[in-house]
Amino acid sequence: MNSRKSVEWRKKAGIRAEQGDAAKGDKLQSLGRLEPLEQLESLEPREPLERLEQLESRESLQSVGTLALNVNEQPILVVDGLTLESSSGQKLVEGMSFTLRRGESIGLVGESGSGKSLTLRAVLGLLPRGVQLAAGAVQHTVSSAMVFQDPRGALDPLCPVVKQVAEVVRYRQKKGRREARAEALKLLGLLGLPESLAREDRYPNQLSGGQCQRIVIAIALACRPDILLCDEPTTALDVTMQRQIIDLIATLQQELGFAMIFVTHNLAIAAEMCSRLIVMKQGRVVEEGLALDVLTQPNDPYTQMLIEAVLPLPERAETDAGAEVEKEANERSGAEGQRIAHAEESMPNTVKKSRMEDLKEDSESQAEGGSKS
Amino acid sequence: MSAELQMEQVKVRYGGFTALNHVTLHVPARTTLGLVGESGSGKSTLARAVAGLLVPDEGRMSLGGRPLEKRRSREQRKQIQMIFQNPDASLNPRHSVRRILSEALRFHNMTRGRVQTEQRCLELLERVRLSADSLDKYPHEFSGGQRQRIAIARALSVEPELLIADEPTSALDVSVQRSVLELFREIREELNLTVLFISHDLGVIHAVSDTVAVMRQGELLELAPKEAFFAQPQTNYGRELLAAVPKMPTASGLVR
């Protein structure tokens with residue numbers, strides 16, 4: 001009985017965690033399974049790899065962390081004059097306006113209490129109790145999903161993680177139990193979680209903070225969102241984990257092409273992830289613009305303060321040790337390259353042959369490769 | 001009145017798990033050691049062992065030449081003070097600031113009589129730049145940064161020689177973090193403290209420490225002066241840590 005209740009609860013959470021209604025769900029369905037990249041490539045509305053090429057060819061690109069944008073394209077999210085207030089009438093967010101296009105990423109930066117997270121929640125339609133929409137509107141044509149700050153808090157401690165992901169897959173993508181589980185495992189593989197999870201499911205407390213955050217991202221992606229809302233996804237993690245999660249989100253964005261709103265108080269992270277920045281202070285926007293412009297020529301003293309708050313590290317000296325490391329890395333990549341080349345060459349030889357023949361063939365193909373070049 | 005900290009082959013086990021594996025460490029008097037490492041690397045365990053909050057299974061520790069045993073004298077307990085990550089959890093919400101500060105003073109017989117105690121409390125508040133009327137407020141009436149200042153004032157109240165700060169700024173906002181670090185530098189200069197500063201944020205470590213120690217999986221991997229470490233880390237893990245820090249873009253382009 002209890003377990004059924006918890007399932008019910010998670011289903012509800014699933015509904016709330018994604019803002020899309022049924023129609024949007026259908027649209028998502030038509031996108032097909034979230035699967036190998038080759039298939040993704042063929043997906044009509046996204047074409048991430050082509051976009052990536054466009055991105056590389058465009059010289060006027062202002063920043064990293066975004067796909068090339070079609071300026072003429074309709075925005076998928078319009079926030080217009082959003083004003084949120086507490087039940088006592090205190091303004092928490094005032095006159096917030098921005099638009100988001102497909103594949104774009106916007107960074108919301110500011111200190112705690114500046115209304116960043118509330119703005120996200122308003123986009124998601126998940127305002128906390130006691131906070132109401134006083135004016136303005138949030139219009140979107142697509143679905144969104146959220147990655148929360150504290151991964152352990154966002155996961156059910158009494159439910160194994162694969163089951164948690166599978167439940168969202170099952171509910172959102174309308175799949176059978178077994179299929180949903182397979183899909184969930186695929187998703188977890190995509191996020192770089194250990195394969196041992198397939199054999200033995202684990203509880204959130206048996207995973208590290210970084211792994212838990214990956215699960216949370218998997219759950220968000222299981223909703224097939226067009227907008228991923230990230231609420232300080234790395235604040236609870238240490239530096240190395242933070243780096244991994246940032247890189248992971250960036251790669252996923254390039255592969256899957258979702259738009260993103262990234263909330264953080266660390267300007268360095270925002271600069272890495274986002275093309276545009278919105279700086280918020282006490283519920284108001286104090287500065288807005290392209291990431292690089294905001295960071296190099298801040299107009300507001302508050303932005304300046306945030307920039308200074310990123311404690312500087314000295315440049316690393318160009319030394320023998322550094323060179324050695326590079327050399328090492330080069331060697332490693334060189335070796336890898338060779339291995340790959342070798343694998344390609346010996347690919348046609350997978351037909352059953354005697355070992356001798358195999359070797360012979362191998363050396364022949366290598367010789368061929370040599371003569372070609 | 002500051003003293004050096006010496007740790008030799010200290011080992012701590014939690015059940016079958018070795019949290020601290022034969023760590024040997026020397027912190028000269030009046031210096032700050034910045035301890036970095038990922039979560040679970042044993043940083044906090046080391047701090048707790050030094051503070052006497054847990055007893056190491058093996059190894060010796062000494063402060064100012066006197067050994068730190070399992071049972072410590074009141075004097076020794078006074079010498080080492082600790083500041084925790086989360087001031088919400090380390091300050092009693094039902095005690096006023098006056099009570100929080102004077103409790104330690106009275107326990108260690110630092111002051112005589114109510115007047116002197118109050119005088120000392122006001123001094124402490126001034127040192128951490130809180131107004132005098134804070135005395136009769138409760139922790140919830142302060143912001144996070146102010147609460148951490150109260151925790152710092154409490155640690156300083158008994159005039160310790162070794163101050164252990166376990167991620168004191170991790171729970172704080174970026175701008176507040178700056179001012180708290182500023183305060184740290186000041187009190188360190190003024191009071192000649194030896195400081196063990198734990199953080200996983202290399203920017204913070206760079207801002208406060210003289211020496212950097214890198215830990216991973218319970219072992220001390222690297223111990224080097226600050227400049228040397230940031231210019232040229234000796235271990236792969238040290239380089240990895242430095243490379244993981246998100247960098248600000250510069251006008252000339254994005255640097256990663």
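## Salt bridges

In this predicted model, a search of the whole structure finds 23 salt bridges over all chains. Side chains of opposite charge can pair when their charged atoms come close. One of the salt bridges joins E167(B) to K43(B), with the closest N and O atoms 3.9 Å apart. E167(B) lies in the loop between β7 and α7 (174-191) of chain B, whereas K43(B) belongs to helix α1 (residues 43-51) of chain B, so the pair ties together parts that are 124 residues apart in sequence.

## The interface between chain A and chain B

The count between chain A and chain B is zero salt bridges. Four residue pairs, both members at pLDDT 80 or more, are in polar contact across this interface. On the side of chain A that touches chain B, the elements that give two or more residues are α11 (239-256), α12 (267-273), α13 (291-296), α14 (301-309) and α15 (320-345) of chain A. By class, this side of chain A has 21 nonpolar, seven polar and seven charged residues.

The contact draws on 35 residues from chain A and 34 residues from chain B. Between them, the two chains bury about 3,200 Å², and 64% of this area is on carbon and sulfur atoms.

## The six-stranded sheet of chain B

Chain B contains an open sheet of six strands, arranged in the order β6-β7-β8-β3-β9-β10, with mixed pairing. β6 (80-83) and β10 (219-225) of chain B stand at the edges; each has a single partner strand, so one side of each is left without a neighbour in the sheet. Direction ignored, neighbouring strands of this sheet are turned by 20° against each other on average.

Within this sheet, strand β7 (residues 162-166) and strand β8 (residues 194-198) of chain B run parallel and are joined by five bridges. A165(B) stands opposite F197(B) in β8(B). Helix α6 (residues 144-157) of chain B lies across β6 and β7 of chain B and runs at about 175° to β6(B).

## The four-stranded sheet of chain B

A further open sheet in chain B has four strands in the order β2-β1-β4-β5, and its pairing is antiparallel. Its edges are formed by β2 (17-27) and β5 (66-67) of chain B, each with a single partner strand, so one side of each is left without a neighbour in the sheet. Strand β4 (residues 58-63) of chain B is joined to β5(B) by two bridges, and these strands run antiparallel. The bridge partner of S62(B) in β5(B) is P67(B).

Helix α1(B) lies across β1 (5-14), β2 and β4 of chain B, running at about 115° to β1(B). K43(B), the partner of E167(B) in the salt bridge described above, is a residue of this helix.

## Two hairpins in chain A

In chain A, strand β1 (residues 77-86) and strand β2 (residues 91-100) run antiparallel and are joined by six bridges. L84(A) has V93(A) as its bridge partner in β2(A). The hairpin of β1(A) and β2(A) has four residues between the strands, and G89(A) takes a positive phi near 90°.

Strand β8 (residues 276-281) and strand β9 (residues 284-290) of chain A also run antiparallel, with six bridges between them. I278(A) has E288(A) as its bridge partner in β9(A). The hairpin that β8(A) and β9(A) form has two residues between the strands, and Q282(A) in the turn has a positive phi of about 45°.

Definitions and conventions: Residues numbered from 1 in each chain as written. Chains lettered and ligands numbered in written order. Predicted model: local features only at pLDDT ≥ 70, side-chain atom pairs only at ≥ 80, totals over all residues. Heavy atoms only, no water. Contact = heavy atoms within 4.5 Å. Buried area = accessible area lost by both parts, 1.4 Å probe. Salt bridge = Lys/Arg side-chain N within 4 Å of Asp/Glu carboxyl O. Polar contact = N/O pair within 3.5 Å; in protein donor to acceptor, adjacent residues only side chain to side chain. Nonpolar A, V, L, I, M, F, W, Y, C, P; charged D, E, K, R; others polar. Pairing = 2+ DSSP bridges. Axes fitted to C-alpha atoms, helices over the stretch in contact; angles between N-to-C directions.
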